[in-house]
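Subject: Structure for you to look at

Hello,

Here is the structure I promised to pass on. Please open it first, then read my notes below.

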4 protein chains.
Amino acid sequence: MSILVLQGSTRDEGNTEQLSRLVLEGVQHKEILLRDKQILPIHDQRHTEGGFDPVDDDYDDVIREVLQHDTLVFATPVYWYTVSGIMKNFIDRWSQSLRDSRFDFKAEMAQKKAYVLVVGGDNPRIKAMPLIQQLKYTFDYVGMPLEGHIIAKASKPGDIWNDKRAIQEAKWLNAELQKSGLTVIG
Amino acid sequence: MSILVLQGSTRDEGNTEQLSRLVLEGVQHKEILLRDKQILPIHDQRHTEGGFDPVDDDYDDVIREVLQHDTLVFATPVYWYTVSGIMKNFIDRWSQSLRDSRFDFKAEMAQKKAYVLVVGGDNPRIKAMPLIQQLKYTFDYVGMPLEGHIIAKASKPGDIWNDKRAIQEAKWLNAELQKSGLTVIG
Amino acid sequence: MSILVLQGSTRDEGNTEQLSRLVLEGVQHKEILLRDKQILPIHDQRHTEGGFDPVDDDYDDVIREVLQHDTLVFATPVYWYTVSGIMKNFIDRWSQSLRDSRFDFKAEMAQKKAYVLVVGGDNPRIKAMPLIQQLKYTFDYVGMPLEGHIIAKASKPGDIWNDKRAIQEAKWLNAELQKSGLTVIG
Amino acid sequence: MSILVLQGSTRDEGNTEQLSRLVLEGVQHKEILLRDKQILPIHDQRHTEGGFDPVDDDYDDVIREVLQHDTLVFATPVYWYTVSGIMKNFIDRWSQSLRDSRFDFKAEMAQKKAYVLVVGGDNPRIKAMPLIQQLKYTFDYVGMPLEGHIIAKASKPGDIWNDKRAIQEAKWLNAELQKSGLTVIG
C-alpha cells in the first residue's frame, strides 16, 4: 500500500492537518499541500474542437503523483459546506485528465481506494453530509471505492483536540491503515 | 427588485447560460461572468493576527456589485457534483467579507434573496441534491432565503433544449421574476 | 404501459391525491389506496429458521397487483420528512417478498419503472430531498429506475392549487405518461 | 438526566439492540420496545372538524413515558434506507400529540435532547445519511437538539461486533452519557 494525502487546507498547522497527521501517524505516506501548488480552475473545453488546451500550472505534477499511489486520502476543511476551493479546483481538472491520451484516468483511478477527512465548524456531522455524498458520487464516477470518512468538529486553531470522538476515529483509521500496510508488506 | 446573475459557467454559451437567459428573458438584470474575473482561492487567515491580507484581484469589484442588488441568481454547471471551481472560489472568499469592516456582510446578505440554477449531465435531479443542500446551508448562514432552484439535465452544447421539464420550470421562474419586478415598480 | 398508483395519503381528497389525479388525468391506470388496506409493520424474520411466518393481512393482494403492472407511481404526503407510515409499512414488507419463493421479486421489480409524487408543507423542495434519496436507494436495490419525481408544497386542503410550479410539473409528467402510453399501444 | 430508549428494532437481540446495550451500559435508563406496543399508523385528521379521533392503542402510554424523560435515544435498524415502520408509525403520531390539549408537546420536546443509533447492512455510513437528515428535520421541528448519532454496519445476527469503529463510537457515547449522568447526580 502506498498512500498519498491530498491536503486541501489553506493554512499551516490547521485542524485538518492535525487530524491528518493523527490518522497517518507511523504510516508511510506522501503528502501534497495543494495550497503550495498552483492549480487553475478548469476551463471546460470538453466540447471544443481540439479539446483542452494545455495549462501551464502544477496540475500535471500532482496528477502524476496521484497515479503512483494506490490509496488517496482527501483531507479538507469544510468551507461553506463543501470542500475548499483549492480542493475543488483540483478535482474539477479531472475532467481534463479524463480526456488525456497519455493514460486511462478512469481505469487508473478505479484501481485505487479513497479515504476522506473533513473538519468543519458548524455542526459538521450533519452539515458536511452533502460534502461526503458529493465526493462519493465523484469517486463512484471514476470507480474508486470510498473506504471510509471521518468528520471532525473544529474551528479555531487547536479545537480538534476537543473533539474526542474524532480523535478516537482517527486512531481507529490509523490502526486500519497500519494493518493494511503490514498485510501488503508481509 | 434589482437582479444580479452570478454566472459560474466556464464556457461561452453553455447550457447553464442558456438556461439563465431563459429565466431572465425580459427581466431587467445585470450579469457577472465569474470566468472573466480573477478571483483567487481563499487563504484562510481568520485566525491570523491582523486578519486577512488584502488580495489583489477582482473579488472586491464583484462583491461591491453583489451588495448593490437585492436578488442574486447563482447559476452554475454541476462540476463533480457541486458548483464549479470559479463559483466555489467566489463563495469561499465570503469568509473574508465577513471580517471586512467596510460593511456588515451578513446583515447586507440577509436583506437579499437567492435563486439557484444548476445544469448537470449525470442524473442531476438526484445527484445535484447535495449541491443544493450545501448552497442552502451557505445562504442560511448569512440569513439569505433561497427562494427557488431549478435543476436541469444537459451535457453537450444545446442539450438543454431537450429537457422540456427544465424549460417549463425556467418559464415558471421567469413569470415569477416578471411579476415581482412589476410589483416593485408598480 | 400499465400504471399502478400506490397512494400513501391517509385522508380523502387530500393534496397528494389531487396532485396524483392531475398527473394521471386521461391516462389509464389503477390506484390502490394503502389506507384502505391492512398492511402490518414487518417483523424481521430474515434470520429466523424457517424464514418469515405468513401474515394474515392485505399485503399479498397489493403485491400481486404490483407485479401485474410495469409502471409504479408512489404518491405520498411528507410526514415528518419521509413517506407516510402506511407507505413505509408497505415498503418494509418487500423484505418478505424478497424471500418469497412464489416469484423472483427483485427480477420482477427490475422490469418496472417508478415515479414519485410527494407533497409536503415545510419547505419540501429542500426538506423532502432525503425522502427522495431514500426512495432512490430503495428502487436501486431492486433495480427499478426512478424515472422522475415531483415535489409539491401544500398543507391545508386545496393548497396544492397554489403551487403553480407543481401544477405545471404535473402537467409535464401527464404529457410524458400519455406519450409513453401511446407509444406502447401504437 | 433521565434516559428513555425508544427501540425500533423488530427482532429480539438484533444488532440494533446490542449496539444500544453497549451505549447504555452502566447508565440508568428505561427502554421501550416499540415492537411490543401496538401503535397504529396515523390517520391525518389535522384538517377534520373536531380534530383527531381518539385511538385505542398504546401510543398514549408511550408518549406519557416520553414526556417523563429528558433524554431520548432513538434506536432503529435501517429498513429500506429509513427508520423501521414501527418507529415511523410512532413518529407520525406526533402530529396528533401536537394537537393534544393535555400538554404542550412542542414545548415539552424542546426541553429534551436526542441521540440516534442506527444499524444498516448496505453501506449505511453513506446510505443512512438521508435517514439522519430526516430525523434532524424532525427534531428541529419540535426544537429538540440532536446531540449525536452513531451509524453502524451490520446485517446478520452478531455482525455488529465486527464493526470495530461503531463499537468504539458506542463506547465514546457511553462515556459521554455516564459523564452527563454523574454531573446531574453530583
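**Chain D and chain A**

Between chain D and chain A there are two salt bridges (a side-chain nitrogen of Lys or Arg within 4 Å of a carboxyl oxygen of Asp or Glu). One of them joins the side chains of Arg165(D) and Glu169(A), at 3.6 Å from N to O.

Some ground rules. This is a predicted model, where local features need pLDDT of at least 70, side-chain atom pairs count only at pLDDT 80 or more, and totals for chains, interfaces and linings use all residues. Residues are numbered from 1 along each chain as its sequence is written, chains are lettered from A and ligands numbered from 1 in the order in which they are written, and side-chain values use heavy atoms, without hydrogens and water.

Back to the pair. In contact (heavy atoms within 4.5 Å) are 16 residues of chain D and 16 residues of chain A. Together the two chains bury about 1,500 Å², 63% of it on carbon and sulfur atoms. Buried area is the accessible area (1.4 Å probe) that two parts lose on being put together, summed over both. Met129(D), Arg165(D) and Trp172(D) supply 39% of the area that chain D buries against chain A, more than any other three residues.

**How the two copies are related**

Chain D can be laid on chain A by a turn of 180° and a shift of 0.0 Å along the axis, with an RMSD of 0.0 Å. Which residue of chain D comes closest to the rotation axis? Met129(D) does, with its C-alpha at 3.4 Å. Both copies use the same surface: 100% of the contact residues of chain D recur in chain A.

**Chain D and chain C**

Here the contact takes 36 residues from each of chain D and chain C. The two chains bury about 3,100 Å² between them, 63% of it on carbon and sulfur atoms. Two salt bridges cross this interface. Arg11(C) forms one with Asp44(D), and the closest N and O atoms are 3.1 Å apart. By class, the side of chain D that touches chain C has 16 nonpolar, 12 polar and eight charged residues. Nonpolar means Ala, Val, Leu, Ile, Met, Phe, Trp, Tyr, Cys and Pro; charged means Asp, Glu, Lys and Arg; the others, Gly among them, are polar.

Best wishes

Definitions and conventions:
Copies are superposed by least squares on the C-alpha atoms of residues with pLDDT of at least 70 in both.
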